[in-house]
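Subject: The structure we talked about

Hi there,

Here is the structure I promised to pass on.

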Amino acid sequence: MAAFSISKIGTYESCPLQYKYAYIERRKVEVKDTVETFLGSRVHEALEKLYRDKQFEKLLSLEELLGHYNRIWEDEWDDTVILVKKDYEPDNYRKVGERQLSDYYRRHYPFNKGRVIGLETKSYLPLDEEGTYSFHIRIDRLMSMGEGLYEVHDYKTGSSLPEQESLDKDRQLAMYSLWVKEQFKDFKKARLVWHYLNFDKEMESFRTNEELEELRQAILKEIKGIEAAEEFPASVSELCNWCRYKSICPEWRHEAELEEKEENEYLNDPGLKLVDEYVRLKEELKKHQKEAGDKLNKIEEALLEFCKREHVFTVFGSEKKVSVSEYRDMAFPDKNTKERKELVAELKKMGKWDEVSAIDVYSLKNILKNQGWGEKELALLKRFAEEKKGYRFSLKKK
Ligand code: SF4
């Protein structure tokens, strides 16, 4: 049985090459924690202890909880932990964890709402009837609140807070709640709860049974797509800084080679020279475009003045002439506004919609790329779509 998790699927979505290294070739590289993952693990372990002790009728004081956290921090710490952000010391991160735990403790003390029925659960949710695919279930804390209500809790120690909209689309906790639904006969509803510890904030979301079933099918479809993939291109992004395969990734080889070179050799590297020249020309182009645009605007203003003063609309140069004409334009309500929806509805009602609507090629491309329609519709789209290959050059910070 092939088992998938959201992080496995997410790895493919963010970089297929990283997925290939991790899950197909299972490359062995020395895995070092970043300080962010180290902090997250220690905070999770401290909260697990808090609730595990509580299950045994032992309520830790805040001092005991922080004492435990600091002990495991010291025991587990080693100097190979990577500090990606160079402005902060390991101790800054340790204190962040202390603050997160203290805020959490004060907010939820005495921890007596509902009953803990799972801590760091380890199980699998079958995705198809044949039992070919399954989904990893790892719930930080599962609570039974009575009368068929369950809560799936997840702790987040990172430094970004999502929008409610993205939590309402979150797949991980929703899949966990699908497993809860299949485990407990009295299941009526699950509350998905995220504790954003860095912000002392609790956020929640709910799913209907239909939404959960649709999600199961969507995940299954995506997994089959991943399994059928034959190409695993690299996708360079900010996330590379946290990728354990960066040292073997071909996309970062040139940087590693440059780091090895002596100053003279470094400055004569052909790739480095090309990029530096490319950057210089791009900047020059931008500067000239802006200067030329500003000059053009000024000349247009002066030409208009000239026309008004001379009561003419045509002005002659040595080889060409400029004609100035006044125009009036119409504006219609912007996309996604209430007025736009009303306009579309009225046009449809009048039977005029086909005359004025146009194909949104961008949306069609996205549908094809994300396999957003059923097989029959996608096959039809493919019949009309022609793949064109080109190269795009984009400048990014190193
Ligand atoms: S370093 Fe970046 S591009 Fe290379 S495998 Fe990792 S995530 Fe992908």
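Which element gives the most to the lining of the second largest cavity? It is α5, with three residues. Before the rest, two notes on the source. This is a predicted model, in which local features need pLDDT of at least 70 and side-chain atom pairs count only at pLDDT 80 or more, while totals for chains, interfaces and linings use all residues. Residues are numbered from 1 along each chain as its sequence is written, and side-chain values use heavy atoms, with hydrogens and water left out.

**Cavities**

A search of the whole structure turns up two cavities of 30 Å³ or more. (On a 1 Å grid over the protein atoms alone, a cavity is a set of points where a 1.4 Å probe fits but cannot get out, and a pocket is an open set with protein on both sides within 12 Å along at least five of seven lines; lining residues have an atom within 4 Å of a point. Points are joined across faces, edges and corners, and a volume is the space filled by probe spheres set on the points.)

The second largest cavity has a volume of about 50 Å³. Its lining consists of Y104, R107, H108, H195, Y196, L197, D200, K201 and E202. Two or more of these residues come from each of α5 (90-108), β7 (189-196) and β8 (201-205); helices (H or I, at least four residues) and strands (E, at least two) are DSSP runs, numbered from the N terminus. By class, this lining divides into three nonpolar, two polar and four charged residues. (Ala, Val, Leu, Ile, Met, Phe, Trp, Tyr, Cys and Pro count as nonpolar, Asp, Glu, Lys and Arg as charged, and the others, Gly among them, as polar.)

The largest cavity has a volume of about 120 Å³. Of the 16 residues that line it, C15, Q18, S235, C240 and C243 lie nearest its centre. Helix α2 (residues 16-24) gives the largest share of this lining, three residues. Eleven of the lining residues are nonpolar, four are polar and one is charged.

Two or more lining residues come from each of α9 (253-260), α11 (270-310), α14 and α15 (375-384), with the largest share, six residues, from α11. The classes here are 22 nonpolar, eight polar and 17 charged.

**Rings and charges**

There are 19 aromatic pairs in the whole structure. (Rings of Phe, Tyr and Trp, its six-membered ring, pair if their centres lie within 6.5 Å; planes under 30 degrees apart count as stacked, over 60 as edge-to-face and the rest as tilted.) Y12 and Y19 are edge-to-face because their planes stand at 85 degrees, with the ring centres 5.4 Å apart. Y109 and F111 are also an edge-to-face pair, 6.3 Å centre to centre and with 85 degrees between the planes. F111 is buried at 8% relative accessibility, whereas Y109 is partly exposed at 49%. (Buried means under 20% relative accessible area, exposed over 50%, partly exposed in between, with a 1.4 Å probe and protein chains only.) Ring pairs also link Y51, Y104, Y105, Y109, F111 and Y155 into a cluster.

Y51 has R141 over its face, at 4.0 Å from the ring centre. The charged end of R42 sits over the ring of F38, 4.5 Å from its centre. (A charge sits over a ring if NZ of Lys or CZ of Arg is within 6 Å of the ring centre and within 35 degrees of the ring normal.)

Most residues other than glycine have a negative phi, and most peptide bonds are trans. Y109 and P110, however, are joined by a cis peptide bond with omega about 5 degrees, and P110 is in the loop between α5 and β2 (115-119). E57, not a glycine, has a positive phi of about 60 degrees; this residue is in the loop between α3 (35-55) and α4 (62-76) and is exposed at 71%. H311, also not a glycine, has a positive phi of about 55 degrees. H311 lies in the loop between α11 and β9 (314-316) and is exposed at 73%.
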